Amino acid sequence: SKSVVLISCIMLMISSCVVKNERPALMPSPSSVEFGKGAFTFSHETVISVEDRQQQEIAEQFAWLFACPAGFVPKVFMNAEDADVVLRCDQTMEPESYRIEVERKKISISASGPAGFFYAFQTLRQTLPEEIASSGHMDGQLWTVPVMVVHDVPRFAHRCLKVDINEHYIPLDELMAFVEYMSMLKLNHLHLFGYGLYSDDDFD
């Protein structure tokens with residue numbers, strides 16, 4: 001179906017972002033990125049430190065990506081000492097912008113609000129091995145992201161995908177898959193033509 005083809009195309013775009021965890025071609029291209037030597041490895045001992053509930057929800061969403069393929073979920077704690085991944089709010093940064101500093105033993109993420117932190121985790125997700133999207137356990141896989149410094153500021157405030165379901169109905173689960181892949185590519189608006197084909201309860 002057309003919806004399956006569209007999902008496949010988006011997945012191909014995303015999978016092509018990763019080149020064996022060596023200098024991934026991030027999509028969309030960040031404002032600036034510098035790669036270093038080595039990598040940070042996520043494990044069952046990884047602790048993510050957040051400052052508030054909004055950060056916690058975003059970090060936990062990222063952490064649960066590891067559940068099926070890795071068999072563990074990084075822990076998320078409020079203001080944890082000696083954490084491996086640290087989120088810090090910086091109100092001087094522009095809306096939706098973020099900064100990631102990946103070292104071999106630590107990751108620091110700065111943003112002015114939830115959108116920036118969410119997009120920062122989408123960038124980290126792109127640099128993980130593509131097996132992170134697997135629904136089965138991947139034995140022996142190292143869950144690494146390259147040492148790098150990424151600073152990103154959106155070039156456009158409105159970044160959309162248009163989907164017309166009047167001529168070709170898309171099941172709700174496939175539509176939700178679209179939304180997930182959109183978020184990975186940092187698109188922030190869905191223009192849905194034929195919204196009335198779904199009920200309001202479908203989006204609760």
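Under a ring-pairing criterion in which rings of Phe, Tyr and Trp (its six-membered ring) pair if their centres lie within 6.5 Å, the count comes to eight aromatic pairs. One of them joins Phe-62 and Phe-66, with 5.6 Å centre to centre and 80 degrees between the planes; this pair is edge-to-face, the class for planes over 60 degrees apart, while those under 30 count as stacked and the rest as tilted. The structure is a predicted model, in which local features need pLDDT of at least 70 and side-chain atom pairs count only at pLDDT 80 or more, whereas totals for chains, interfaces and linings use all residues. Residues are numbered from 1 along each chain as its sequence is written, and side-chain values use heavy atoms, with hydrogens and water left out.

Phe-62 and Phe-66 are both buried, a term for residues under 20% relative accessible area, with exposed meaning over 50% and partly exposed in between (1.4 Å probe, protein chains only). Leaving aside neighbours within four places in sequence, Phe-66 is in contact (heavy atoms within 4.5 Å) with Phe-42, Gly-71, Phe-72, Pro-74, Leu-128, Ile-132 and Trp-143.

In soluble globular proteins, nonpolar side chains tend to be buried together. Here a nonpolar core is a set of buried Ala, Val, Leu, Ile, Met, Phe, Trp, Tyr and Cys residues joined through side-chain atoms within 4.5 Å. The largest such core has 33 residues, and those with the most contacts inside it are Phe-42, Phe-62, Phe-66, Ile-107, Ile-109 and Leu-124. Elements that each supply at least two residues of this core include β1 (32-42), α2 (53-63), β6 and α4; helices (H or I, at least four residues) and strands (E, at least two) are DSSP runs, numbered from the N terminus. The largest share of the core, five residues, comes from α4. A second, separate core of nine residues includes Leu-161, Ile-165, Leu-175 and Tyr-198.

Helix α4 (residues 114-127) also meets helix α5 (residues 172-184): their axes come within 8 Å and cross at roughly 90 degrees. Axes are lines fitted to C-alpha atoms, for helices over the stretch in contact, and angles run from 0 to 180 degrees between N-to-C directions. The two helices α4 and α5 are therefore roughly perpendicular, the class for 65 to 115 degrees, with under 35 roughly parallel, over 145 roughly antiparallel and the rest oblique. On the α4 side, Phe-118, Tyr-119, Gln-122, Arg-125 and Gln-126 meet Glu-180, Ser-183 and Met-184 of α5.

The loop between α1 (2-15) and β1 holds Leu-26. This residue is buried, with a relative accessible area of 9%, and touches Thr-123, Gln-126, Thr-127 and Val-150, not counting residues up to four places away in sequence. Leu-26 and Thr-123 are 97 residues apart in sequence and 7.1 Å apart in space, C-alpha to C-alpha. Pro-28 belongs to the loop between α1 and β1, and the peptide bond from Met-27 to Pro-28 is cis, with omega near -10 degrees.

The loop between β3 (75-78) and β4 contains Asn-79, which has a positive phi of about 50 degrees although it is not a glycine. Asn-79 is exposed, with a relative accessible area of 53%. Asp-82 lies in the loop between β3 and β4 and has a positive phi of about 55 degrees, although not a glycine; Asp-82 is exposed, at 76% relative accessible area.
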